[in-house]
Amino acid sequence: MGNFNKTDSPVSLLKKDRQEAQPFQGLIENEGHAYSNRGLSRSTRPAVYVEPISYADVQAVVRDADRFPTPVHPVGSLLSVTSTIVNDGGTMLCTRKLDEIMGLELDERGRQIVRVQAGCRLKKLNMWLQAHGLEIPFQAEIGEASVGSVAVCDTKESLLDGSGYFSAHVLALTYVNDGGDLCTLSAQKDGSVFHEFKCSFGLAGIVVECQLEVRPATLCGSDISLVVYKSSDDLAKGIIRLREESDALFAIVFLHQLAVFFDQRYKAGLGSATPATSQPACDQFRIAKRLAIQHGFDGVEVPQPKGIVYSRHDFVNEYWHPSVDEPRLDFQYYEHDIGKISRVIAESFKFMPLNHFQFYLSMRQASVEEA
Ligand SMILES: Cc1cc2nc3c(=O)[nH]c(=O)nc-3n(C[C@H](O)[C@H](O)[C@H](O)COP(=O)(O)OP(=O)(O)OC[C@H]3O[C@@H](n4cnc5c(N)ncnc54)[C@H](O)[C@@H]3O)c2cc1C
């Protein structure tokens, strides 16, 4: 972290001398409670859990190792399906109260950006941008993921016209480093150091604020279908054919049933509101899809509308944290080259007697998510 620049943004006014004792105003819990991720597959018992309410609070935590034992590790919504949230004996710093959307600006190159705090959820950000007729070039499914998390971690989706990585649209960020200093990094000034930071999974510093590229909002069209195939080879060919027919393809493969749920997506021009004619079918589909994902595709029937046109903001979903006895989606995420899709399907199918799993395929990126 030594090479990163200290900030020259207005937030640097909050910078304090490193030795100075700083008050902490946010929530502190240090009674040994356990915290779990959303899927309840991981849990951890940090010595201290904090919810800062200002950047100065984040700095205070990092600077006071006696009150806030190291490692200090940030979390957003604790949705992660990996051990990344585990921090036994350290300080878990949750950004959920740093969730302000500060507004629109032009950056040094004249690009329109939104400045937003790290704890802001994607659904909140999408609704705000929708009201301003704008969008981030990232079609989120999971509305509760925090901006700070997806700015520095891997993401996937099946966007019509852009990269599937949320972090690709982060043009600058402000973070607190291991010395408690507020620092900024930008694509413009810091090149590879900035890009490295965006792959840091929370290990290079605590993001408190991001600047995201925005553009005029666009509409999306979808044809939804569920297709059952006779063989894994037919299934792989079917995916490739439907991908060629659409602008982008999102496919959920139920390999043990040789069935695929397809969302063939098409560009539908500029706009930020779902057309009234499409609204009922869109609502019905979105709610059923959300329940299916919520329940791990267990016992939920999803409609198969054709020709729906919608605002992508409307399709960012919210999920509740399931209880122990509720079925839920847990998954691992792999990315494969699109040219290897037939082989991935064939080899996974051979593996089937030992494993029972579904595939998510976001075909713009050819990513495979095993649930
Ligand atoms: C039902 C479900 C559906 C999902 N669908 C998708 C999907 O369609 N596409 C997709 O890409 N992902 C998806 N995910 C994964 C999810 O987007 C990621 O796990 C995301 O990182 C969660 O955000 P979070 O705020 O909960 O992060 P957390 O789980 O709280 O943290 C995850 C990581 O981010 C780091 N981090 C968090 N905040 C900060 C910060 N301020 N500064 C630095 N590092 C930080 C943490 O240290 C940790 O390493 C899904 C998850 C679930 C449970």
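Residue V72 is located in strand β5, strands being DSSP runs of E with at least two residues and helices DSSP runs of H or I with at least four, both numbered from the N terminus. The structure is a predicted model, in which local features require a pLDDT of at least 70 and side-chain atom pairs count only at pLDDT 80 or more, whereas totals for chains, interfaces and linings use all residues. Residue numbers start from 1 along each chain as its sequence is written.

V72 is classed as buried because 24 other C-beta atoms lie within 10 Å. Under this scheme a residue is buried with 20 or more other C-beta atoms within 10 Å of its own, exposed with 12 or fewer, and partly exposed in between, with C-beta atoms placed from the backbone. Residues that V72 touches, leaving aside those up to four places away in sequence, are V61, V62, G90, T91 and L93; a contact requires C-beta atoms, placed from the backbone, within 7 Å of each other. A separation of 9.6 Å is found between the C-alpha atoms of V72 and P46, which are 26 residues apart along the chain.

Strand β5 belongs to an open sheet of 4 strands, arranged in the order β1-β4-β6-β5 with mixed pairing. Two strands are taken to pair if DSSP finds at least two bridges between them. From one strand to the next, the twist averages 20°. The pairing of β5 with β6 (residues 91–94) is parallel and extends over 4 bridges, and H73 is placed opposite M92 in β6. Helix α1 lies across β4 (48–51), β5 and β6, and runs at about 170° to β6. Such angles run from 0 to 180 degrees between N-to-C directions, with axes given by lines fitted to C-alpha atoms, for helices over the stretch in contact.

Next to this sheet in the description comes a second one, also open, in which 5 strands follow the order β7-β8-β12-β10-β11 with antiparallel pairing. Its edge strands are β7 (101–106) and β11 (182–186), each of which pairs on one side only. The average twist between one strand and the next is 20°. β7 pairs with β8 (residues 112–117) in the antiparallel sense over 5 bridges, and G103 has R115 in β8 as its bridge partner. Helix α4 is laid across β10 (170–176) and β11, running at about 100° to β11.

Several backbone features were also identified. Most residues other than glycine have a negative phi, and most peptide bonds are trans. The peptide bond from T70 to P71 is cis, with omega near -5°, and P71 lies in the loop between α1 (55–63) and β5. L40, a residue other than glycine, has a positive phi near 60° and is placed in the loop between β2 (35–36) and β3 (43–44). L40 is partly exposed because 14 other C-beta atoms lie within 10 Å. For F201, phi is near 50°, again a positive value in a residue other than glycine. F201 is found in the loop between α4 (187–197) and β12, and counts as partly exposed because it has 13 C-beta neighbours inside 10 Å.

The ligand is surrounded by 32 residues, of which the closest are G76, S80, G148, T155 and G202; a residue is near a molecule if its C-beta atom, placed from the backbone, lies within 6 Å of it. Two or more residues are given to this shell by each of β5 (72–75), α3 (147–152) and β12 (206–213). The contribution of α3, 4 residues, is the most. By type, the shell divides into 17 nonpolar, 11 polar and 4 charged residues, where Ala, Val, Leu, Ile, Met, Phe, Trp, Tyr, Cys and Pro count as nonpolar, Asp, Glu, Lys and Arg as charged, and the others, Gly among them, as polar.

Overall, the protein contains 7 helices and 20 strands, and buried residues account for 40% of its 371 residues. Of the contacts between residues at least 6 apart in sequence, 70% join residues at least 24 apart. The average pLDDT, the predictor's confidence in each residue from 0 to 100, is 88, and 89% of the residues score at least 70. Over residues 1–18 the pLDDT is below 50, and this stretch has 39 contacts in the model beyond near neighbours in sequence.

Technical notes: Contact = placed C-beta atoms within 7 Å.
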